[in-house]
Amino acid sequence: MKKKYPHDVVSSSGNIGSAAENPMLSVEDLKVYFPVETGFLSRRREYVYAVDGVSFDLKKGETLGIVGESGCGKTTTGMAVLNLEQPTSGRVVFKGQDITDFRKLSTETQLQLRKEMQVIFQDPYSSLNPRTSLDKILEEPMKVHGLYPSPGERRDRVAYLLERVGLTPSQGKRYPHSFSGGQRQRIGIARSLALNPSMIVGDEPVSALDVSIQAQIINLLIDLQSEFDLSYVLIAHDLAVVEHISDRIAVMYLGRIVETAPYDRLFVNPLHPYTQALMSAIPVPDPKARKNRIVLTGDVPSPRHPPSGCAFHPRCPERLAECSESAPGLLHKGQAHHVACHLVR
Ligand code: SF4
């Protein structure tokens, strides 16, 4: 089931995103560079430009899908938003508060933010402690944050969360190894809900699962969103996955957003050659349907030495002479559709 997205514009902060005056989350020119020591005696310092100037807004109840190939910086963006990765520069504002650097915030504020902003990790196997029973996995964050202080309240809450994600309270005594991959991801989702968050960052929450299970988890996330009044940032490498849940999709390439639009507009009219290539790779469940697959040659360049001009130019089937010299900025093409490409000037 897809959701209707209200047409939006460039927001008051100048970010690409929703028309909400006060977005829940505002990310402005976010950069995350990782230093690398090279050369004789490691005297030379270079940088991996993992995220290089990403901006977006997210409003209450909205789902933003971030897609791109491995190494494009989508996960680092999500982790920097949660301050699990320290941004090099830029600004992250959550509910009106500048949270770019958690170290500058009081312990009380940090704890409050950790309650409000939760994460679902990609790997349902390594993200759960194998020595802790399911009950304890879900109770622990409540104890740390002093939520539901009495053991009885916590038990009730754990039972409620298990039922909401499709498990039974009687399974609470079991350990993670006795669950399947899909069930483990349900446990991860229940854990992210334990503290009543208002925003969840899902880092490839279904990519480790079978296709049939992926659909169940996506549907579960859609159901939970309205019930718990959640906003999602969902990271995926597969456009087909985020299509079914996102209000808006941002396509990233080598640390930058190259195109963003409401999901229905992006799927009908992708403008960036990279988005068109990703779109052409989506399988169609109709043997008679003919698809013109765009096959990109070469690998994603290293974010340590990004190409000059448009970073996509070495692989772009439609590159122009100027593409290797000047980097295109994001242009607004109407109805919240933004593209960074010289072709759509
Ligand atoms: Fe291709 Fe040039 Fe557009 Fe980059 S700016 S995507 S190289 S046409």
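Modeller: A molecule sits in a cavity if more than half of its atoms lie within 2 Å of the cavity's grid points. A cavity is a set of points, on a 1 Å grid over the protein atoms alone, where a 1.4 Å probe fits but cannot get out. Here the ligand sits in the largest cavity.

Biologist: What is this model, and which cut-offs apply?

Modeller: This is a predicted model: local features need pLDDT of at least 70, side-chain atom pairs count only at pLDDT 80 or more, and totals for chains, interfaces and linings use all residues. Residues are numbered from 1 along each chain as its sequence is written, and side-chain values use heavy atoms, leaving out hydrogens and water.

Biologist: How many aromatic pairs are there in the whole structure?

Modeller: A search finds six. Rings of Phe, Tyr and Trp (its six-membered ring) pair if their centres lie within 6.5 Å.

Biologist: Why is the pair of Tyr33 and Tyr49 called edge-to-face?

Modeller: Planes under 30 degrees apart count as stacked, over 60 as edge-to-face, the rest as tilted. The planes of Tyr33 and Tyr49 stand at 80°, with centres 4.6 Å apart, so this pair is edge-to-face.

Biologist: Why does Tyr33 count as partly exposed?

Modeller: Buried means under 20% relative accessible area, exposed over 50%, partly exposed in between (1.4 Å probe, protein chains only). Tyr33 has 22%, so it is partly exposed. Tyr49, at 26%, also counts as partly exposed.

Biologist: Which residues form one aromatic cluster?

Modeller: Tyr33, Tyr47 and Tyr49 do.

Note on methods:
On a 1 Å grid over the protein atoms alone, a cavity is a set of points where a 1.4 Å probe fits but cannot get out, and a pocket is an open set with protein on both sides within 12 Å along at least five of seven lines; lining residues have an atom within 4 Å of a point.
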